[in-house]
Amino acid sequence: MVRLAFPPLPPQEWNRGAVARLLAALSLIFLVMFVAAMVIASAPPKLLDHTWQLAVIAALINNAFLALMGVLLMVLAVGFDPTRQTLRDRWKAWRPWIVAASLGFLLLIPLQAFAAWSFHTSVTLVQGKQTSQASEKLTELREAIASANTHEELQAKVQQLFGSNAGLSQAELDTPIGILRNILLARAEQASNQLKQQIEAQVGMRPDQLMKETSRIFISAAAYAISFGYLAGVLPPSKRKGLGALGLRRKRRKRTHEAVQPATTTT
């Protein structure tokens with residue numbers, strides 16, 4: 001019978017070092033993905049445009065899990081191999097940026113509130129202006145239709161309102177003025193409803209949608225701020241586990257194991 005010879009398993013310390021290097025590499029990949037997503041979402045920059053501000057904030061919240069995953073993997077890498085100086089130096093260099101990210105997510109809450117309020121205010125003003133102009137024009141048209149007694153008078157008033165290219169078709173000229181008046185009034189009412197729908201469609205996000213999106217941004221920003229602060233170690237010691245404590249516990253367990261093993265052998 002042929003026996004298969006398998007290579008010996010690598011030592012435990014080598015396994016920890018390999019896992020730590022893998023986690024550190026994956027951490028960089030996630031962070032690069034986050035930066036790339038934000039660069040694409042924010043291009044071209046329009047700092048004073050409230051629509052751009054809302055879009056960038058939404059993209060930041062939607063892609064923040066990539067950055068959080070990258071930081072978490074780096075924490076795990078240092079935890080698996082706390083004696084590797086390269087990883088510890090990288091973590092020390094990253095930590096101020098992670099603290100800044102935590103504060104940045106907190107600042108997103110008032111920024112989202114201001115951008116949403118400004119966007120809603122500007123959109124409401126534009127919508128009101130367009131609606132007012134359209135209503136005024138349609139009111140004049142209704143008055144022209146209702147006051148016209150002949151086809152020629154009606155056509156002259158329509159051209160006065162909408163230009164020389166506007167006017168009645170030959171079929172409308174052949175229609176009795178009483179019937180034509182009712183037809184044109186019905187068309188004016190239909191045009192008014194369509195115009196209102198078009199104005200609302202141009203606005204983009206409705207107030208209820210904007211409120212729901214703002215609530216989502218508030219909750220997500222607070223959650224990400226707490227998460228990054230926790231990983232950076234800025235929370236109270238009673239509510240977190242520092243990387244130094246994790247490494248110290250590993251070293252204590254290792255020394256205890258080395259001390260127990262010779263005693264077992266001598267007995």
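Start by selecting Phe 34, Ala 67, Trp 97, Ala 101 and Phe 228: of the 14 residues lining the largest pocket, these lie nearest its centre. This is a predicted model, where local features need pLDDT of at least 70, side-chain atom pairs count only at pLDDT 80 or more, and totals for chains, interfaces and linings use all residues. Numbering runs from 1 along each chain as its sequence is written, and side-chain values use heavy atoms, with hydrogens and water left out.

A pocket here is an open set of points on a 1 Å grid over the protein atoms alone, where a 1.4 Å probe fits, with protein on both sides within 12 Å along at least five of seven lines; lining residues have an atom within 4 Å of a point.

Next, pick helix 1 (12–42), helix 2 and helix 3 (85–147), the elements giving two or more residues each to that lining. Helix 3 gives the most, with eight.

Now colour the lining by class: you'll get 13 nonpolar, one polar and no charged residues. Ala, Val, Leu, Ile, Met, Phe, Trp, Tyr, Cys and Pro count as nonpolar, Asp, Glu, Lys and Arg as charged, and the others, Gly among them, as polar.

Conventions: Helices (H or I, at least four residues) and strands (E, at least two) are DSSP runs, numbered from the N terminus.
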